Amino acid sequence: MSTSFIRILAEEVTTLQAQFPHLAERLGRARTLLETGRMFVEDSGTEAMVTSKDGTQCWHVNGNCDCPASLHRREACYHRLAFRIYEKVVERLAHEEECYTLNLAPNVAPPTIRPEWLVQVQGRPFIRFEGLLELAHARGLVSLETVIVQANEAMAIAQCTAVFSDGRRFTDIGDATEKNVAKHLSPHFIRMAATRASARCLRRALNISACSVEELSGEEVGHE
Ligand SMILES: [Zn+2]
């Protein structure tokens, strides 16, 4: 099993678990099933065989599943979930390989920045976070995750990771204190650290050197 398969599988399952918390446990079992190679997909791609953990039993999965759990419940057993996830992962894997092949010809257009995304502050151009986000989506942003690394009354530090559909991954950090954000935002400086981390991360990903408005300190922004 390729490392890309394992990575995409983890991403898909994590996303689904966040979307459907009531299925989290079953999705986790589906992931283990796939990771341990207990699902054998037929060449047709429309059905699969699943073996039990101890290898003594075997079930047949297509739209349905003939395992005991399926007989008692209408909702999908984890074998069926695993099959659906498998299809999704394979589809993404094929797409990534396609992107990778295309990327061999370096033909990446420079980012197009719309005028409404730019703000002049003391004569210098700054980009708005919403512009960065929109550009990133246009470039295939699939996830943007920010975590607070450290926070106390004085200062907050956040780290952001952006992942694109071609597998590229960027990370950066941002910090904020009550004093270095605009006055009306000072009660929200922790959130501001997260926004700054995201902005820096997206700028890195998009290769934009102009700072974002959100990275400015209070005095620079003035009384906007
Ligand atoms: Zn089943």
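Visitor: If two strands pair when DSSP finds at least two bridges between them, which strands form the open sheet here, and in what order?
Guide: The open sheet has three strands, in the order S6-S7-S8, and their pairing is antiparallel. Strands (E, at least two residues) and helices (H or I, at least four) are DSSP runs, numbered from the N terminus. This is a predicted model, in which local features need pLDDT of at least 70 and side-chain atom pairs count only at pLDDT 80 or more, while totals for chains, interfaces and linings use all residues. Residues are numbered from 1 along each chain as its sequence is written.

Visitor: Back to the sheet then, which are the edge strands?
Guide: Strand S6 (141–151) and strand S8 (169–177) are the edges, since each pairs on one side only. From one strand to the next, the twist averages 20 degrees, with angles running from 0 to 180 degrees between N-to-C directions and axes being lines fitted to C-alpha atoms, for helices over the stretch in contact.

Visitor: And how many bridges join S7 to S8?
Guide: Nine bridges join strand S7 (residues 155–164) to S8, and the two run antiparallel. Within that pairing, Gln 159 faces Ile 173 of S8, and Ala 156 faces Ala 176 of S8. S7 and S8 form a hairpin with four residues between them, and in the turn Gly 167 has a positive phi of about 95 degrees.

Visitor: Which helix packs on the sheet?
Guide: Helix H6 (residues 189–206) does, touching S6, S7 and S8, and its direction makes about 145 degrees with that of S8.

Visitor: How do H5 and H6 pack?
Guide: Helix H5 (residues 129–138) packs against H6 at an angle of about 45 degrees, and their axes lie 10 Å apart. That angle makes H5 oblique to H6, because angles under 35 degrees count as roughly parallel, over 145 as roughly antiparallel, 65 to 115 as roughly perpendicular and the rest as oblique.

Visitor: Which residues of H5 meet H6?
Guide: Phe 129, Leu 132, Leu 133, Leu 135 and Ala 136 in H5 meet residues of H6 including Thr 195, Ala 199, Leu 202 and Arg 203; contact requires C-beta atoms, placed from the backbone, within 7 Å.

Terms used:
Pairing = 2+ DSSP bridges. Contact = placed C-beta atoms within 7 Å.
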